[in-house]
Amino acid sequence: MSFTTLLMTVFSTTLIYAAPLIFTALGGTFSERSGIVNVGLEGMMVVGAFSSSVFTLSFYNMFGNATTWISLLVGAIFGLIFSILHAVATINLRADHIISGTVLNLMAPALCVFLTRVLYNQKGQTPIIKQGLGTYTFPVLSKIPIIGKALFTQTSLIAYFAILLGIVSWYFLYRTNIGLRLRSVGENPVAADTLGINVYKYRYLGVLMSGFLGGFGGAVMAQSITLNFSASTISGQGFMALAAMIFGKWNPLGATGAALFFGLAQSLPIVGGYIPFLAHVNSFWFQAAPYIITIVVLVIFFGKAVAPAADGVNYIKNK
Amino acid sequence: MFNKTKLSAIAVPVMSVIAGFIVGAIVMLIFGYNPIVNYGSLFSGAFSGAYSIGETLRDMTPLILTALGFAVSSKAGFFNIGGSGQYLLGWFAAILVTLKFHTLPGLVLIIFAILAAALAGGLWSGIAGYLRAYFGTSEVITTIMLNYIAFYFVNFAVKNWLTAKGEDSSANIPSKASLRTPFLENLTQNSTFHWGFFIALLVAVIVWFYFNKTNSGFELRSVGTNEAASRYAGMSVKKTIIVAMFVSGILAGLAGGLDGLGNYQNISVSNSLPQVGYDGMAVALLAANNPLGILLAALLFAALSIGGLSISVFSTTPTEIVSIVTASIIFFVGIKYAFEYLINKFLTKKELIKKLNSAKGDKKA
């Protein structure tokens, strides 16, 4: 395998694995920036993966090749609907955020596998999707020597979209009024309320955005990696996304970078076999590496992770 | 008469359970399944006859211990999501010890294996405790990461150290090291019920005693309630964090060890983390971390999962309906504010009526 082909393989598998994590981690960032802790990202991804799979399987004949892309939006919308549960529980009914998030993680696989069995003759998994997101070669950019082949040939288009969204999210949170207000209710809801900012409204916005993006991330996972839905379609990616968010210090750019790093780490066991000096290393090290590195990096470089000040604190408005 | 907080401490879980079952019934009705028939087969699947009861109690065993583990760390204010990984390492350690030291006499071997399991779990979560205490690293993240490392490690170790080439499961442990005995098997019509259950009960009592009657347990609860005040009172917060996480892991490791020696009798390569760690969290949440409440909550969840198996035997209803009920129950526990609000309203209304009545009585007199 030539060097550029190897680079291309590493980059494209990294991007494919990173894409679902980036979307979901960005979702988590919005929620926690507004002050609602979100350990339920995993559950939101499950709902997104399930609904998008069912959509592609049912409507492929109607929408043809566009089905896959529409299905991502379908997954996002169902993720958003599912996240209302978390929003109502934490914002209106003063539930502990971690308990409520855990409920999402318990409920999503239960409900989705239940529905899968109802829809697909008692089977615990959906049939395989005919056409996934596949790979994409950029028209002009791929002609650039070396870089063109490594970065822009047979790669994941959705991952580039995810990175772009990371930048847009940063701009949204740090350079717009709505973003400033969203962050303010996560830092000091009392002060924000005094200034006339509707705390509940912005917290709803944060949670629903996380549901939308988490569902989108789950859908990307199903449409690009597993190509069907079963109980094991989403197995820890939501938690990885949560880790990426914390790793990225609750900043969209940081979360995107961390998710890319996790993607690289996850691609290692797959491409490791092709890299000469890594071929003899036991696969356990590749598999465990992302998790070990995360811990080490957190300990050495970050110390105390700095969450938004009112993250996880219920806001009870004085009447 | 009725203390409001005490009343809500009992009423909230009871109302949550009822509400959870109602949600399950509604879901079944929507999809055209019969809730009464299904809940009937769930109940008989869990409790009719010695065999079912034996299976239910066996399923309770790891739930009690993982829930206690979660409770210990929660009381100290930490969120140990690592129950699954600690359980898995405990299971692995117990099987490893029994297979490697199979020449030892039975009882010694069992004690040795159980201690190894507890220690494996304890050291694993102790890492998270240490990092939290000295580096301020979020234990939520480290325990999640440690879960996956444990998962890949155990798969690797089982594949390379404990199985013959090309196989996915280790040999069975010698029967002298098993926690199942002919006596218990006869008693429960050959169910998988084993002595581990009694160990779990004993541990629950010990943990209750630890929380309520020892200095260390008091410090733990104190740090969980108010870290700054505890430091001011001269407690070592760092030490308490590490102890809490260590004990928490010991309990989850113990759960894995007992399940390994009693239930599974071997260990296999698996494709996901064991669910029991997360279920233990649910049990502890329902019981509000009260050790004795955990026994009841574990009984309920074990009955649901064992009884749930018969739902799909006697009807076409998917077994997952049971997990929907479980998740709903925890949801209602989570929004206990809504229940407390209702109870409060109800009680104040009652008091008002009482007052009005007595006022009327006064007038008459």
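Biologist: Is Ile146(A) buried or exposed?

Modeller: This is a predicted model, and Ile146(A) sits in the loop between H4 and helix H5 (147-152) of chain A. Ile146(A) has 10 inside 10 Å, so it counts as exposed.

Biologist: What distance separates the C-alpha atoms of Ile146(A) and Thr5(A)?

Modeller: Ile146(A) lies in a loop of chain A. Along the chain, Ile146(A) and Thr5(A) are 141 residues apart.

Biologist: What is the radius of gyration of chain A, and what does the globule rule give?

Modeller: The C-alpha atoms of chain A fill a box of roughly 70 × 50 × 40 Å along the principal axes. Buried residues make up 54% of its 319 residues. Chain A is as compact as a globular protein of that length, because its radius of gyration is close to what the rule gives: 20 Å, against 20 Å.

Biologist: What share of the contacts in chain A with a separation of 6 or more comes from residues 24 or more positions apart?

Modeller: A contact here requires C-beta atoms within 7 Å. Among contacts in chain A with a separation of 6 or more, residues 24 or more positions apart account for 78%.

Biologist: Which helix of chain A gives the largest share of the side that touches chain B?

Modeller: In all, 37 residues of chain A are in contact with 36 residues of chain B. Helix H4 (97-119), helix H10 (237-247) and helix H12 (283-302) of chain A each supply at least two residues of that side of chain A. The largest share, 13 residues, comes from H4(A).

Biologist: How do the residues on that side of chain A divide into nonpolar, polar and charged?

Modeller: The side in question is the one where chain A touches chain B. Its residues divide into 24 nonpolar, nine polar and four charged.

Biologist: Which residues touch the most other members of the largest nonpolar core?

Modeller: Nonpolar side chains tend to be buried together in soluble globular proteins. The largest nonpolar core here has 202 residues. Leaving out residues up to four places away in sequence, Ala244(A) touches Leu21(A), Ala25(A), Ala255(A), Ala258(A), Ala259(A) and Phe262(A). The residues touching the most other members are Ala244(A) and Ile294(B).

Biologist: Which residue follows H2(B) with a positive phi?

Modeller: The phi of this residue is near 90°. The residue is Gly49(B).

Biologist: Why is H3(B) largely enclosed by the rest of the structure?

Modeller: At 1.5 Å a residue, the 27 residues of helix H3 (residues 49-75) of chain B should span 39 Å, and the end C-alpha atoms are 38 Å apart, which agrees. Just after H3(B), Gly77(B) takes a positive phi of about 90°. H3(B) is largely enclosed because its buried residues number 23 of the 27.

Biologist: What is the phi of Gln189(B), and what is that of Asn190(B)?

Modeller: Gln189(B) lies in the loop between helix H7 (182-187) and helix H8 (196-213) of chain B. Asn190(B) is found in the loop between H7 and H8 of chain B. With 14 C-beta neighbours inside 10 Å, Gln189(B) counts as partly exposed, and Asn190(B), with 14, counts as partly exposed. Neither is a glycine, yet phi is positive: near 50° for Gln189(B) and about 65° for Asn190(B).

Biologist: What is the radius of gyration of chain B?

Modeller: Chain B has 15 helices and zero strands, and its C-alpha atoms fill a box of roughly 90 × 60 × 35 Å along the principal axes. Buried residues make up 53% of its 365 residues. The globule rule gives 21 Å, and chain B is close to that, so it is as compact as a globular protein of that length; its radius of gyration is 23 Å.

Terms used: Residues numbered from 1 in each chain as written. Chains lettered and ligands numbered in written order. Predicted model: local features only at pLDDT ≥ 70, side-chain atom pairs only at ≥ 80, totals over all residues. Contact = placed C-beta atoms within 7 Å. Helix = DSSP H or I, 4+ residues; strand = E, 2+ residues; numbered from the N terminus. Nonpolar A, V, L, I, M, F, W, Y, C, P; charged D, E, K, R; others polar. Expected span 1.5 Å × (residues − 1). Buried ≥ 20, exposed ≤ 12 C-beta atoms within 10 Å, placed from the backbone. Core = buried A, V, L, I, M, F, W, Y, C linked by C-beta atoms within 7 Å. Rg over C-alpha atoms; globule rule 2.2 N^0.38 Å.
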